[in-house]
Amino acid sequence: MEIVRKHYRLILIFIPLVSLVLHFHVLNTDLIGYHVWRQTETQTVINNFYTGDFSIFNPRTNEYSDKGQQHRMEFPVMQWLFAAVYKLLGTDKIIVTRLLTFLMGIGTVFGMFYLTRNFFRDVGIAAIAAWCFNFSPVFYYYTINPMPDNMALCCGVWSIALFSGYLNSGKLAHVVLSSVFFCLAVLAKLPFIIYGVVIFSYLLVMLIRKERSVRQLTGVGLIYLAGVLIALSWYATVIPHWVIGAVHGVFDQSQNHPDLAYVIQRTIIAILPELIINYGSVLFFLIGFYFIFSLKLFRKVQVLPFTFLGLSLLAYFTYEMNIIDVVHDYYLFPFLMPVFLIVAYGAFKLLSGKLKMLKIVTVICLTILPLTAFLRADPPWDVNAPGFNLAYFKYKDELRKVTPANSYCVVGYDDSPFILLYYINRKGWAFGRLWFDEKLLAYHIAEGAQYIYMDEEVESFPGIKQHLGEKLFDKESIKVYKLK
């Protein structure tokens, strides 16, 4: 353990270098892979800020199902900042987005180091936390993919890290910065409001123990409350217009719920060890969990707020379980911070023990984390299996030249409906495999659609041919027609 403490700066330098090397082959690859629909949705908003309306209050996609393409979900602070960098650099190449997201991820890792150091007052444990956190497969995968969850996690971790700085220093500057980061975390992704449990629990504990004056704690609480209210003011205006099931959670009666028993089982035996923790860190998590309960650490004053956070996260998971299912792994980002505090503590206990064999096993497990993260997270970046019709990926440049840049297009099949409109770089309408017919096409034509990008089998649908004019493109499964 002393070696880790002595060389913690070297570990912090090594983390981004190793991660960059492992991600390097993907940096200039366009958006593909797991949850490519969410990535293209985010990237389309970035692109539209860059090329069109730069107002942060008017995020837009290429999909015209909603008038004016308004796409008010999470507050688009990450998307807007990325577009600002685009304007500064004068380019919208995907490598810029990937590098910006990567830097944000490294910022999260350093935030995790700062938080763990303040919590345990040990740079060795903090370095282990940063190393293990960086090679969580789910974090490793999304850390170069445009997802607002990345910014929410980064700001959420730093909000708690800076609050821990306030607990140690008593400086109001830490509180103000922490509140700003907390506000940004919630704006970027609403579930991160749950991190407020740690902050307000600590304030309550300090009030009960009279560690700060009532006046001081009230002032601190009001600073955080102001941040929360700013964030919630956005959601108060947009949530009433949402049609997604996440709002109603398990009480949503409009959808068929998955087998919840299966979701719980799969989360515990597969998603948690394989995606969230990393198989190489599972031993550390189990050891850390064991000592937390055997020593009853969860009852201690400094740990109690994180105990409340853990219980709140379980409540969040239970409420959103039918939406999270076994596929929406990025919904589990709020779990990463507390999970890797436990992982770091477990690794510390093993390295501080007397059994030499356990120390050797621990070093081996720590060493293989980059490899196990790479093996688990890299397959979705296979350019031959992008997660949608491969022809759109192969012929992207040609497809963008087939129709005028300002034309309105219909494209399918795409249930997302963001992927294909992103790839053809056109505004218009996307249709899914189960809900497209002649009437819908006629409706889109009446709305202004001028061209259609379609799978070849759509041509055989009843009534479709009467709307098709000149054929402009025909390769593999894709055909492009001018609409009459």
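**Salt bridges across the chain**

Tutor: The side chains of Asp 30 and Lys 396 form a salt bridge, 2.8 Å from N to O. A salt bridge here is a side-chain nitrogen of Lys or Arg within 4 Å of a carboxyl oxygen of Asp or Glu. The pair links distant parts of the chain, 366 residues apart. Asp 30 sits in the loop between helix H2 (8–23) and helix H3 (36–51), Lys 396 in helix H18 (residues 396–402). Helices (H or I, at least four residues) and strands (E, at least two) are DSSP runs, numbered from the N terminus. Asp 30 is buried at 8% relative accessibility. Buried means under 20% relative accessible area, exposed over 50%, partly exposed in between (1.4 Å probe, protein chains only).

This is a predicted model: local features need pLDDT of at least 70, side-chain atom pairs count only at pLDDT 80 or more, and totals for chains, interfaces and linings use all residues. Residues are numbered from 1 along each chain as its sequence is written, and side-chain values use heavy atoms, with hydrogens and water left out.

Next, Lys 394 pairs with Glu 476 in a salt bridge, with the closest N and O atoms 2.5 Å apart. Lys 394 lies in helix H17 (residues 390–394), Glu 476 in the loop between strand E4 (468–475) and strand E5 (478–483), so the bridge ties together parts 82 residues apart in sequence. Lys 394 is partly exposed at 45%. Glu 476 is partly exposed at 44%.

Glu 459 and Lys 479 also meet in a salt bridge (2.7 Å, N to O). Glu 459 is buried at 16% relative accessibility, and Lys 479 is buried at 12%.
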